[in-house]
Structures are given as structure tokens and as C-alpha cells.
Amino acid sequence: MSRIASLSAQEILDSRGNPTVRVHLALDDGTRVSASVPSGASTGENEAVELRDGDAARYGGKGVLKAVANVNEIIAPRLIGLEPHRQAEIDGLMLALDGTPNKARLGANAILGVSMAAARAAAQAARLPLYAYLGGPGATRLPVPMMNILNGGKHADNSVDFQEFMAMPIGAPSFAEALRYGSETFHALKKILAKKGYATSVGDEGGFAPNIKSNEEACELIVEAIRAAGFRPGQDVAIALDPAASSFYEDGAYNLAKSGQGKKAGEDMVALYGRWLDAYPIVSIEDGFDENDWAGFAKQNAAQGQRIQIVGDDIFVTNTTFIRRGIAENTANAVLIKLNQIGTVTETIQAIELCREAGWNYVISHRSGETEDTFMADFTVAMGGGQIKTGSACRSERIAKYNRLLEIEADLGRAAVFRSPFAG
């Protein structure tokens, strides 16, 4: 078997112009790969630590030279000579080198870059596509995209409290057609916004952030766009929400200040979401409650979990400890999965295995600070969860993932499966 011959890291920029880590790995058979680490803006308090330099004289303190040095000086010497396909062993060795519960010493950005690069190198050495190497012969399912097309909350200067409104092409017959459905809805929305005199500039994830009048208008605009694109709301294209409720949770209440609706208790939020489910074709709500409001999540799941997907992101942070608690307490019925929330490929797969055992859905997700790396596209197919969250139908760091999924669908040919969790 091939062995790791060299390993190094460098500081690069992500899609927001902030530093992140790229890892280069070479095998003794001549295989050479790289992997780039994404960076989140809206982060859960229990996420693995993204190590930053804190030097105000460089990139406003956001440099990652410490993480780069940790790869070059601490991790590399221990991994040289190992076989790259020993993923769990490599990841476990890095966790031991770090020695902290949240990767605070070496940095999750350093560790994840190496973990991803090892997987990619092993796949190339085995002459397999990454999705087939990680997922085996059963890795044939393409995901339904959750396309962030309209923004509020901290992502926009408008009267919308909720952060993300996504179009989800649940009724498409293939991934290629799902991407078309989403793209045509996105462009129809742009025309509608322009006609109404709203701004059509886009944010970090490619969604529009117009100064619309209310939370409800966001859903109404998307329904109008779905119809204008020639699709049926709720059948061809549905809506998924990410309120990011931690961003407007204050002193034990949910303060819908941007829309002028004032403070609401957890029961009020459950009722609000219920009214929205009756009024709009919503199939999924992510982070409808604060990351520490386990009771609020559980109340929503009890009331609405049979109707829609209740997704936990900041509350679970791709961590098996929190996911186990969620399963025991019926906190949700789905988990958002982010590689850099936990920091290794092995631990991410373990989180997904817990979801599978519980019969929960899971959604592989990007971060607001992305790169052109398409690892998560292959990873999504490998894990077979059937859902991906990687932004709108524009911005090349988002489109790179969609285009890679088009390649995978073509590569699979007749074996490709596209099955929406919400169809029918």
C-alpha cells in the first residue's frame, strides 16, 4: 500500500476573503492532493475550535499561521509513513496529539484539513472517485439541494428576523433537474424583486437580502417565484427555513425586533411556526429555537415533527454527545452535519451513524466561508442522506459543489438514485 511521503499546510483565503487552511499531501506512489477547510460565521458555542492567530496586525486577527504551523511541525512528523486509508487511525492520532476536548490546541481547521486530504489521497491511490471510496458500492444516492435564496436576520439589513429561506426542489426526477428547478426559481425571484423595487445583490451564500417588509413576505415572494418559474409550490419546489433563533434569543425570550413583533415565549414560537406550516409549503425548519433551548426544540418536535423535518444545527454541532442527548429527549428528527463543526472525517461519520440508528434524517452542510473544494459533494453521496445545504444558485464556491454533483450523477449513470425525503 502507498504511504504518506509529505504533508504540509498553507494559509489561503475563503469566499469571504478571510484566511483558512489548505493542506497538501503526497504519497510515495506520486499521488498528490490538497484539501481546503471551510469557515463558519454563525457558529454554535460548542463547535470544535477554529484556531486563529489573534494578531491584529494581520487580517484583523483572523490569520491561521498557528494552525498551519501545527500541521507542518506537529502533525506531519507523526503521519509521515502511514497508509492514508487508515482514516480512523490517522484521525485518532491527531486527536491524541491535540489532547483537548474541543481541538483547541492544534485547531479543528488544522486537523480537518489533514483528515480530508488523507481521505482524498486514499481514494486516488485506490483509483476510486472519493464518493465511492468513502461510501462503497452503495453510494448511489444524489441529494436534494436546500438552496438559500432569500436572507434576513443577521445576514440582511431588513425587517426579517429569520436568517435563511431556502427553495427545495423536492419533486424533481433527478439531481440535474432539481438543480434546474432551483436555478429557475432563483432567477424568477430576482425578476420579482427587481419589479417590486427591491435590491437584488447577494450575500455570502448567494441569497438575496432585500429590504422586504416582514417575515411573511419572504415566504410569499418565494411562493410567487416558484409559480412564476412554472412549478407547483409544495409539490415541485418547497420551502425550507433556517430561522437561526439563537441570533434573536434574549433573556429567555425570542425577540422578533426586526419585524416589530416583539418578544415571544417558546410556546408562541411553536404556534407561529404552526401558522406558517398551514400557510406556506414548508417541509423543514432548522434551528427554530436557541441552541440551549432543549425544551423548546422538544415542544416543536412533539407538535410538528410528524408534519415536517425539525433540524438541529447549533444545538448538536455534529457532536455525538449532543446528538445522543437529542435522540434520548426527542429533541428533533434531523441533524445538520458540518465537517468543520467536529473536525475529522471519522467523527463526522460517527455522527451520521447515530442519526441512521435513530431513524433521523441528516443534511450535509457548507459554511458561509467556503472554498472551491468539492469534498462535501462527494461526502454527501457517500453518506447517502439525500439532502445537501450548499447555498444559492450563484457564487462559484457554491456552484462548484453543484457541478461536482452533476458529474457524480453522470458518472453513476443508470445506477444514480434521486429520491426526495419529502416527495409524495
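Guide: Gladly! Start with contact, which means heavy atoms within 4.5 Å. Helices (H or I, at least four residues) and strands (E, at least two) are DSSP runs, numbered from the N terminus. This is a predicted model, where local features need pLDDT of at least 70, side-chain atom pairs count only at pLDDT 80 or more, and totals for chains, interfaces and linings use all residues. Residues are numbered from 1 along each chain as its sequence is written, and side-chain values use heavy atoms, leaving out hydrogens and water.

Visitor: What covers the buried residues of α5?

Guide: Buried means under 20% relative accessible area, exposed over 50%, and partly exposed in between (1.4 Å probe, protein chains only). In α5, the buried residues include Phe175, Leu179 and Ile192. Among the elements covering them are β5 (144–151), α6 (215–228) and α13 (396–412).

Visitor: Which residues have the most contacts inside the largest nonpolar core?

Guide: Such a core is a set of buried Ala, Val, Leu, Ile, Met, Phe, Trp, Tyr and Cys residues joined through side-chain atoms within 4.5 Å. Here the largest has 132 residues, and Leu79, Leu150 and Phe165 have the most contacts inside it. Helix α3 (residues 108–125) gives the largest share, ten residues. Leucine 79 touches Ile4, Ile90 and Val114, among others, not counting residues up to four places away in sequence.

Visitor: Where does arginine 325 lie?

Guide: A charge sits over a ring if NZ of Lys or CZ of Arg is within 6 Å of the ring centre and within 35 degrees of the ring normal. Arginine 325 lies over the face of tryptophan 294, 3.9 Å from the ring centre.
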